[in-house]
Amino acid sequence: MAIRSDSPMQLSETSEGLKWVGNFHPQDQPAAALLINSIRYVPASTIRAGLMELLDTGFREGVVQSPALILPLRSGRELGVARERDAVAFVNAFPGAQLPIAPGSEAFCANVIREFVRANDAEYELLRPDASIDELRQRRCRSIVLLSDYAGSGRQAASASALLTRNASLRSWRSFRWLRIHVLLYAASPTGSRALERQPSIDRLSVMTVADDFGSVGWTQEQRAEIERVCRTYAAGKYKREALGWQQSGGLLVMEHTVPNNLPAVLWQTRGNSRRATTEWFPLFPDRTLPGTLQRYFSQKPSPQQTAKVALHTTPDASAISPVSRQIVLMLQAIRLGVRSREQLASRVAMPLPGVDRLLDQMRTWTLVDDGFRLTDAGRNALRLSYTDEMPSFELIGDDSVYYPQRLRRAREI
């Protein structure tokens, strides 16, 4: 396949991608190539900055109240309890228990928490991660914050919050509204977000950005069906249960410090089945690790923010439009194409969710869209003008810090 000189190299066109696509029979290779070309990569520095920003804004705006306990998000099973439903925080599962030495999401988030506490302990009243239930009672803890980089199916975050509410004391404090449980995530799939928004053990969910899955990435129904068929056909032996990833959640996110378990097994399994096209199986992410060659490829690839405009029409003279107006053009075009949710908008225009919420509120104020995510006459007119040099310049009023929409500013009724 020829590579266009004016476009970035696709993952399927790298030497590692070509080897991996070669695992499949020729008729299945287009679907395999589309699968890996849809994967999104996020550097650790970006995730760290996003989590720090969520924490800082939460405390500064009073969304998270002190005294507070901040913990890496871990389920009961990850805390050593064999059966998840038997895990009870501070009884047989200790959320602040020492982390294993092995790198991963929990260790990464623990490092972010240490950095945040070190920088903000004097300003905010923060409890030690290994605080006991007696210390929480004595200090009158108002918030427990569970921090994680990513939620695919949402199962881990739901389990981590549920083990807290199984504790009788914590459950009582929540009933009196003395305590709130917050989950802060850098990224979540639309499926994971929806599941966690319905989770009764979570009082507030804050997500920085949307990570696409099979249902939201923009494939046609035929493409998705073909990719799912290929994933199931080539999943080998014990990997068949995770043919579409953990909980069949079809994840498409890879992070510098970890490869999530909700990616399809064909991406990381170390052996193939009898359906493979070659005698040897070449894993792309062997045993869910990111090879150095792929790290270098991803680090050189343009970010979603740099490439978002490629999928949507832009003005002939983009330099004549303000940055806010360019974002509005992208949002209006996505809405015109049928996007009807904030998560889909964030994914389509490659913006963090707080930024999308802020921009949508401003667009409603300017009567460009209505409450149902539909263009008004003013919105259609602005979109028409975007193809000329008459596009009006829109400016946001206020600062550019992380934005919490009005519907998330008050604790949800329990």
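R364 lies over the face of F373, 5.7 Å from the ring centre, where a charge counts as sitting over a ring if NZ of Lys or CZ of Arg is within 6 Å of the ring centre and within 35 degrees of the ring normal. The model is predicted, so local features need pLDDT of at least 70 and side-chain atom pairs count only at pLDDT 80 or more, whereas totals for chains, interfaces and linings use all residues. Residues are numbered from 1 along each chain as its sequence is written, and side-chain values use heavy atoms, with hydrogens and water left out.

**Overall architecture**

- The protein has 15 helices and 6 strands, taken as DSSP runs numbered from the N terminus (helices H or I of at least four residues, strands E of at least two).
- Of its 414 residues, 51% count as buried, meaning under 20% relative accessible area, with exposed meaning over 50% and partly exposed in between (1.4 Å probe, protein chains only).
- Among contacts between residues at least 6 apart in sequence, 69% join residues at least 24 apart, a contact being heavy atoms within 4.5 Å.
- The accessible surface of the protein comes to about 19900 Å², and 50% of this belongs to carbon and sulfur atoms, as computed by the Shrake-Rupley method with a 1.4 Å probe.

**Aromatic pairs**

- The count comes to 11 aromatic pairs, where rings of Phe, Tyr and Trp (its six-membered ring) pair if their centres lie within 6.5 Å, and planes under 30 degrees apart are stacked, over 60 edge-to-face and the rest tilted.
- One of these pairs joins Y239 and W268, whose ring centres are 5.5 Å apart with planes at 85 degrees, so the pair is edge-to-face.
- Because Y239 lies in the loop between α9 (221–234) and β6 (253–255) while W268 lies in the loop between β6 and α10 (292–300), the pair ties together parts that are 29 residues apart in sequence; both Y239 and W268 are buried.
- Ring pairs also link W20, F24, Y234 and W281 into a cluster.

**Pocket and cavities**

- On a 1 Å grid over the protein atoms alone, a cavity is a set of points where a 1.4 Å probe fits but cannot get out, whereas a pocket is an open set with protein on both sides within 12 Å along at least five of seven lines; lining residues have an atom within 4 Å of a point.
- The second largest pocket holds about 850 Å³ of space, and of the 34 residues that line this pocket, E78, E106, Q156, W246 and N261 are the closest to its centre.
- α4 (105–120), β3 (143–151) and α6 (155–165) each supply at least two residues to that pocket lining.
- There are 2 cavities of 30 Å³ or more, and the second largest cavity holds about 50 Å³.
- L71, P72, R74, L79, P95, L146, A160, L163 and L164 line the second largest cavity, to which β2 (68–72) and α6 give two or more residues, with α6 giving the most, at 3 residues.

**Backbone features**

- The peptide bond from S66 to P67 is cis, with omega near -5 degrees, and P67 is found in the loop between α3 (44–60) and β2.
- F90, in the loop between β2 and α4, has a positive phi of about 70 degrees although it is not a glycine, and F90 is buried, with a relative accessible area of 14%.
- R288, in the loop between β6 and α10, has a positive phi of about 55 degrees although it is not a glycine, and R288 is partly exposed, with a relative accessible area of 34%.

Conventions
Grid points are joined across faces, edges and corners, and a volume is the space filled by probe spheres set on the points.
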